Amino acid sequence: MKTAAEPVAPPPAAVRVPPAARPAGGRSPHRPWRRRLADQSRAYAFLIGGVLCFALFSWYPAVRAVVIAFQKYTPGSDPEWVGTANFTRVLHDPEFSAAWRNTLTFTLLALLIGFAVPFVMALVLNELRHARAFFRVVVYLPVMIPPVVSALLWKWFYDPGAGLANETLRFLHLPTSNWSNGADTALVSLVIVATWANMGGTVLIYLAALQGIPGELYEAAELDGANLWQRVRHVTIPQTRFIILMLMLLQIIATMQVFTEPFVITGGGPENATVTVLYLIYKYAFLYNDFGGACALSVMLLVLLSAFSALYLRLTRPTGEDS
(Lines give C-alpha, C1' and ligand atoms only; values in the text may rest on other atoms or scores of the structure.)
Protein backbone atom coordinates (compact mmCIF):
# COMPACT_ATOMS: atom_id res chain seq x y z
CA MET A 1 0.00 0.00 0.00
CA LYS A 2 1.43 3.29 -1.08
CA THR A 3 1.65 6.05 1.40
CA ALA A 4 1.58 9.74 0.64
CA ALA A 5 4.98 11.15 0.04
CA GLU A 6 6.25 13.18 2.87
CA PRO A 7 7.07 16.81 2.02
CA VAL A 8 10.70 17.33 1.45
CA ALA A 9 12.21 20.41 3.11
CA PRO A 10 13.93 22.79 0.70
CA PRO A 11 17.68 22.79 0.83
CA PRO A 12 19.09 25.44 3.14
CA ALA A 13 19.99 28.64 1.40
CA ALA A 14 23.64 29.25 1.06
CA VAL A 15 24.86 31.42 3.85
CA ARG A 16 26.72 34.40 2.42
CA VAL A 17 29.56 35.49 4.60
CA PRO A 18 29.90 39.29 4.36
CA PRO A 19 33.31 40.53 3.37
CA ALA A 20 35.58 41.91 6.02
CA ALA A 21 34.38 45.23 7.32
CA ARG A 22 36.11 48.03 5.53
CA PRO A 23 35.70 51.77 5.94
CA ALA A 24 33.76 53.55 3.25
CA GLY A 25 35.85 54.54 0.28
CA GLY A 26 38.37 51.79 0.82
CA ARG A 27 40.32 53.81 3.41
CA SER A 28 42.73 52.14 5.77
CA PRO A 29 41.50 51.51 9.35
CA HIS A 30 44.59 53.40 10.53
CA ARG A 31 43.37 56.60 8.89
CA PRO A 32 41.92 58.20 12.12
CA TRP A 33 45.28 57.68 13.89
CA ARG A 34 47.11 59.28 10.98
CA ARG A 35 44.69 62.17 10.96
CA ARG A 36 45.26 62.79 14.66
CA LEU A 37 49.00 62.64 14.07
CA ALA A 38 48.69 65.18 11.25
CA ASP A 39 46.59 67.52 13.41
CA GLN A 40 49.04 67.28 16.29
CA SER A 41 51.95 67.85 13.92
CA ARG A 42 50.40 71.11 12.72
CA ALA A 43 49.77 72.18 16.32
CA TYR A 44 53.36 71.42 17.30
CA ALA A 45 54.61 73.26 14.21
CA PHE A 46 52.81 76.42 15.32
CA LEU A 47 54.05 75.91 18.89
CA ILE A 48 57.63 75.48 17.73
CA GLY A 49 57.34 78.70 15.71
CA GLY A 50 56.22 80.63 18.79
CA VAL A 51 58.94 79.09 20.96
CA LEU A 52 61.58 79.98 18.37
CA CYS A 53 60.35 83.59 18.31
CA PHE A 54 60.59 83.81 22.10
CA ALA A 55 63.99 82.14 22.07
CA LEU A 56 65.36 84.45 19.39
CA PHE A 57 63.93 87.78 20.56
CA SER A 58 63.53 87.29 24.35
CA TRP A 59 65.51 84.44 25.85
CA TYR A 60 68.68 84.75 23.78
CA PRO A 61 69.06 88.53 24.40
CA ALA A 62 68.51 87.95 28.12
CA VAL A 63 71.14 85.21 28.32
CA ARG A 64 73.49 87.25 26.13
CA ALA A 65 73.08 90.28 28.40
CA VAL A 66 74.02 88.19 31.45
CA VAL A 67 77.19 87.03 29.66
CA ILE A 68 78.13 90.56 28.51
CA ALA A 69 77.67 91.81 32.08
CA PHE A 70 80.90 89.98 32.94
CA GLN A 71 82.78 91.14 29.84
CA LYS A 72 84.38 94.27 28.48
CA TYR A 73 82.38 94.51 25.30
CA THR A 74 82.64 97.13 22.57
CA PRO A 75 81.04 96.63 19.14
CA GLY A 76 83.68 95.76 16.56
CA SER A 77 86.18 94.29 19.01
CA ASP A 78 86.59 90.94 20.72
CA PRO A 79 84.97 90.72 24.18
CA GLU A 80 87.28 90.43 27.16
CA TRP A 81 86.28 88.64 30.35
CA VAL A 82 86.52 91.05 33.30
CA GLY A 83 84.49 89.26 35.98
CA THR A 84 82.59 91.60 38.29
CA ALA A 85 84.46 94.74 37.23
CA ASN A 86 81.38 96.08 35.39
CA PHE A 87 79.25 95.74 38.51
CA THR A 88 81.88 97.49 40.61
CA ARG A 89 82.14 100.37 38.17
CA VAL A 90 78.38 100.80 37.94
CA LEU A 91 77.98 100.72 41.72
CA HIS A 92 80.50 103.57 42.10
CA ASP A 93 78.81 105.72 39.43
CA PRO A 94 77.24 108.86 41.02
CA GLU A 95 74.22 108.45 38.73
CA PHE A 96 73.61 104.92 40.01
CA SER A 97 72.19 105.99 43.36
CA ALA A 98 70.22 108.82 41.75
CA ALA A 99 68.69 106.45 39.20
CA TRP A 100 67.58 103.92 41.81
CA ARG A 101 66.32 106.65 44.13
CA ASN A 102 64.27 108.21 41.31
CA THR A 103 62.95 104.84 40.19
CA LEU A 104 61.83 103.85 43.69
CA THR A 105 60.33 107.30 44.28
CA PHE A 106 58.49 107.07 40.97
CA THR A 107 57.15 103.64 41.93
CA LEU A 108 56.00 104.90 45.34
CA LEU A 109 54.28 107.96 43.83
CA ALA A 110 52.67 105.77 41.19
CA LEU A 111 51.21 103.60 43.95
CA LEU A 112 49.92 106.63 45.84
CA ILE A 113 48.55 108.48 42.80
CA GLY A 114 48.27 106.03 39.94
CA PHE A 115 46.92 103.17 42.01
CA ALA A 116 44.13 104.96 43.85
CA VAL A 117 42.79 107.01 40.92
CA PRO A 118 41.79 104.02 38.72
CA PHE A 119 40.00 102.36 41.65
CA VAL A 120 38.01 105.52 42.39
CA MET A 121 37.14 105.95 38.71
CA ALA A 122 35.97 102.33 38.56
CA LEU A 123 33.70 102.97 41.56
CA VAL A 124 32.23 106.01 39.84
CA LEU A 125 31.69 104.18 36.54
CA ASN A 126 30.07 101.29 38.39
CA GLU A 127 27.51 103.67 39.90
CA LEU A 128 26.57 105.26 36.58
CA ARG A 129 23.21 104.40 35.11
CA HIS A 130 23.45 106.28 31.81
CA ALA A 131 26.19 106.64 29.16
CA ARG A 132 28.29 104.02 30.90
CA ALA A 133 29.67 102.66 27.61
CA PHE A 134 30.67 106.16 26.46
CA PHE A 135 32.64 106.87 29.61
CA ARG A 136 34.34 103.49 29.40
CA VAL A 137 35.62 104.41 25.94
CA VAL A 138 36.73 107.84 27.18
CA VAL A 139 38.65 106.30 30.08
CA TYR A 140 40.29 103.67 27.86
CA LEU A 141 41.13 106.08 25.03
CA PRO A 142 44.60 107.11 26.35
CA VAL A 143 45.72 103.47 26.27
CA MET A 144 45.16 103.42 22.50
CA ILE A 145 47.48 106.41 21.96
CA PRO A 146 51.10 105.40 21.24
CA PRO A 147 53.28 106.09 24.32
CA VAL A 148 55.65 108.43 22.47
CA VAL A 149 52.75 110.47 21.09
CA SER A 150 51.22 110.68 24.55
CA ALA A 151 54.55 111.85 26.02
CA LEU A 152 54.93 114.51 23.32
CA LEU A 153 51.42 115.81 24.01
CA TRP A 154 52.19 116.14 27.72
CA LYS A 155 55.52 117.77 26.95
CA TRP A 156 53.64 120.55 25.16
CA PHE A 157 51.05 120.60 27.96
CA TYR A 158 53.82 121.13 30.56
CA ASP A 159 55.65 123.82 28.58
CA PRO A 160 56.37 126.62 31.10
CA GLY A 161 55.71 129.31 28.50
CA ALA A 162 52.67 128.66 26.33
CA GLY A 163 51.75 125.26 27.71
CA LEU A 164 48.10 124.52 28.39
CA ALA A 165 48.73 123.81 32.08
CA ASN A 166 50.20 127.23 32.88
CA GLU A 167 47.79 129.00 30.56
CA THR A 168 44.92 127.47 32.53
CA LEU A 169 46.50 128.57 35.81
CA ARG A 170 46.96 132.10 34.49
CA PHE A 171 43.33 132.19 33.37
CA LEU A 172 42.28 131.19 36.90
CA HIS A 173 44.69 133.78 38.40
CA LEU A 174 46.70 131.03 40.12
CA PRO A 175 50.50 130.78 40.37
CA THR A 176 52.16 128.87 37.54
CA SER A 177 54.59 125.97 37.91
CA ASN A 178 57.72 124.71 36.21
CA TRP A 179 56.13 121.26 35.92
CA SER A 180 58.59 118.97 34.14
CA ASN A 181 61.30 121.66 34.08
CA GLY A 182 61.60 121.94 37.87
CA ALA A 183 63.75 119.58 39.90
CA ASP A 184 61.09 119.41 42.63
CA THR A 185 58.11 118.86 40.36
CA ALA A 186 59.49 116.90 37.39
CA LEU A 187 59.09 113.42 38.85
CA VAL A 188 55.53 114.08 40.03
CA SER A 189 54.71 115.44 36.58
CA LEU A 190 55.93 112.21 34.99
CA VAL A 191 53.84 110.15 37.40
CA ILE A 192 50.75 112.09 36.30
CA VAL A 193 51.60 111.35 32.66
CA ALA A 194 52.10 107.65 33.31
CA THR A 195 48.87 107.46 35.32
CA TRP A 196 46.84 109.13 32.59
CA ALA A 197 48.33 106.99 29.85
CA ASN A 198 47.97 103.60 31.52
CA MET A 199 44.99 103.71 33.84
CA GLY A 200 42.38 102.74 31.22
CA GLY A 201 43.09 99.01 31.36
CA THR A 202 43.29 99.05 35.14
CA VAL A 203 39.93 100.82 35.41
CA LEU A 204 38.25 98.19 33.22
CA ILE A 205 39.73 95.34 35.28
CA TYR A 206 38.50 96.96 38.49
CA LEU A 207 35.10 97.58 36.91
CA ALA A 208 34.77 93.91 35.93
CA ALA A 209 35.67 92.90 39.49
CA LEU A 210 33.13 95.32 40.96
CA GLN A 211 30.36 94.01 38.74
CA GLY A 212 31.09 90.49 39.97
CA ILE A 213 30.27 91.38 43.58
CA PRO A 214 26.84 89.99 44.58
CA GLY A 215 24.27 92.75 45.02
CA GLU A 216 22.89 91.06 48.10
CA LEU A 217 25.98 92.14 50.04
CA TYR A 218 25.31 95.81 49.31
CA GLU A 219 21.62 95.39 50.12
CA ALA A 220 22.47 93.82 53.47
CA ALA A 221 24.92 96.63 54.23
CA GLU A 222 22.30 99.27 53.39
CA LEU A 223 19.79 97.55 55.64
CA ASP A 224 22.35 97.75 58.44
CA GLY A 225 22.61 101.50 57.86
CA ALA A 226 26.05 101.53 56.18
CA ASN A 227 26.91 104.70 54.30
CA LEU A 228 28.88 104.83 51.01
CA TRP A 229 32.32 104.79 52.64
CA GLN A 230 31.35 101.91 54.94
CA ARG A 231 30.04 99.89 51.98
CA VAL A 232 33.30 100.45 50.11
CA ARG A 233 35.39 99.61 53.16
CA HIS A 234 33.51 96.54 54.36
CA VAL A 235 32.14 95.11 51.09
CA THR A 236 33.95 96.42 48.00
CA ILE A 237 37.56 96.28 49.19
CA PRO A 238 37.32 92.82 50.85
CA GLN A 239 35.63 91.38 47.77
CA THR A 240 38.27 92.79 45.39
CA ARG A 241 41.37 92.49 47.58
CA PHE A 242 42.88 89.74 45.41
CA ILE A 243 42.54 91.85 42.25
CA ILE A 244 43.94 94.87 44.10
CA LEU A 245 46.99 92.89 45.21
CA MET A 246 47.62 91.47 41.74
CA LEU A 247 47.38 94.85 40.04
CA MET A 248 49.64 96.38 42.69
CA LEU A 249 52.37 93.83 41.96
CA LEU A 250 52.00 94.29 38.21
CA GLN A 251 52.16 98.06 38.60
CA ILE A 252 55.35 97.80 40.66
CA ILE A 253 56.94 95.66 37.96
CA ALA A 254 55.85 98.10 35.23
CA THR A 255 56.82 101.33 36.98
CA MET A 256 60.27 99.97 37.83
CA GLN A 257 60.84 99.89 34.06
CA VAL A 258 59.72 103.44 33.28
CA PHE A 259 61.62 104.87 30.32
CA THR A 260 59.44 106.60 27.73
CA GLU A 261 58.34 109.56 29.86
CA PRO A 262 61.83 110.52 31.13
CA PHE A 263 63.37 109.99 27.70
CA VAL A 264 60.83 112.03 25.72
CA ILE A 265 59.70 114.70 28.19
CA THR A 266 62.67 115.53 30.44
CA GLY A 267 65.71 113.73 29.02
CA GLY A 268 66.62 112.67 32.55
CA GLY A 269 66.79 116.23 33.83
CA PRO A 270 66.70 118.66 35.35
CA GLU A 271 69.80 117.88 37.43
CA ASN A 272 69.26 114.12 37.04
CA ALA A 273 65.94 114.47 38.85
CA THR A 274 64.22 112.06 36.44
CA VAL A 275 67.04 109.66 35.55
CA THR A 276 65.62 106.17 36.06
CA VAL A 277 67.36 102.80 36.01
CA LEU A 278 66.17 101.99 32.49
CA TYR A 279 67.17 105.44 31.25
CA LEU A 280 70.62 104.98 32.81
CA ILE A 281 70.93 101.64 31.00
CA TYR A 282 70.18 103.48 27.76
CA LYS A 283 72.86 106.05 28.54
CA TYR A 284 75.49 103.40 29.28
CA ALA A 285 74.76 101.52 26.07
CA PHE A 286 74.13 104.26 23.50
CA LEU A 287 75.78 107.38 24.93
CA TYR A 288 78.78 105.95 26.80
CA ASN A 289 79.19 102.95 24.45
CA ASP A 290 79.66 100.78 27.56
CA PHE A 291 77.60 97.69 26.89
CA GLY A 292 79.21 95.80 29.77
CA GLY A 293 78.04 98.40 32.28
CA ALA A 294 74.58 98.55 30.67
CA CYS A 295 74.19 94.78 30.93
CA ALA A 296 75.47 94.76 34.52
CA LEU A 297 72.82 97.30 35.47
CA SER A 298 70.23 95.27 33.53
CA VAL A 299 71.10 92.16 35.52
CA MET A 300 70.59 94.06 38.79
CA LEU A 301 67.17 95.20 37.61
CA LEU A 302 66.39 91.68 36.40
CA VAL A 303 67.08 90.19 39.83
CA LEU A 304 64.79 92.69 41.55
CA LEU A 305 61.96 92.25 39.04
CA SER A 306 62.32 88.48 39.17
CA ALA A 307 61.60 88.62 42.90
CA PHE A 308 58.36 90.53 42.30
CA SER A 309 57.47 88.21 39.41
CA ALA A 310 58.01 85.15 41.58
CA LEU A 311 55.75 86.67 44.24
CA TYR A 312 53.11 87.37 41.60
CA LEU A 313 53.25 83.80 40.27
CA ARG A 314 53.11 82.43 43.81
CA LEU A 315 49.99 84.41 44.66
CA THR A 316 48.22 83.61 41.37
CA ARG A 317 48.95 79.90 41.57
CA PRO A 318 45.73 77.83 41.57
CA THR A 319 44.65 76.54 44.97
CA GLY A 320 45.87 73.05 45.68
CA GLU A 321 48.66 73.09 43.08
CA ASP A 322 51.81 71.39 44.25
CA SER A 323 54.69 73.68 45.04
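Which side chain meets K283 in a salt bridge? The partner is E95, with N and O 2.6 Å apart. A salt bridge here is a side-chain nitrogen of Lys or Arg within 4 Å of a carboxyl oxygen of Asp or Glu. The K283–E95 pair links distant parts of the chain. K283 belongs to helix α13 and E95 to helix α3 (residues 94–114), 188 residues apart. Helices are DSSP runs (H or I, at least four residues), numbered from the N terminus.

The model is predicted; local features need pLDDT of at least 70, side-chain atom pairs count only at pLDDT 80 or more, and totals for chains, interfaces and linings use all residues. Residues are numbered from 1 along each chain as its sequence is written, and side-chain values use heavy atoms, with hydrogens and water left out.

K283 has a relative accessible area of 12%, and E95 has 11%. Buried means under 20% relative accessible area, exposed means over 50%, and partly exposed lies in between (1.4 Å probe, protein chains only).

By the salt-bridge rule, the count comes to three. Another of these joins R89 to D290, whose closest N and O atoms are 2.6 Å apart. R89 sits in helix α2 (residues 85–91), and D290 in the loop between α13 (277–287) and α14 (291–315), so the bridge ties together parts that are 201 residues apart in sequence. The two ends differ in cover. R89 is partly exposed, at 37% relative accessibility, whereas D290 is buried, at 16%.

R170 and E167 also form a salt bridge, at 3.1 Å from N to O. Here both residues lie in helix α7 (residues 164–171). They are three residues apart, about one turn of the helix. R170 counts as partly exposed at 36% relative accessibility. E167 counts as partly exposed too, at 38%.

The surface also carries a nonpolar patch. It is formed by Y44, L47, I48, V51, L52, F54 and W59, with about 760 Å² of accessible area together. Accessible areas come from the Shrake-Rupley method with a 1.4 Å probe; for residues, only the protein chains shown count as cover. Patch residues have over 30% relative accessible area and no salt bridge; like charges are joined within 9 Å, and nonpolar side chains (Val, Leu, Ile, Met, Phe, Trp, Tyr) within 5 Å. V51, one of the patch residues, is placed in helix α1 (residues 31–68). V51 is partly exposed, with a relative accessible area of 37%.

How values were computed:
Helices (H or I, at least four residues) and strands (E, at least two) are DSSP runs, numbered from the N terminus.
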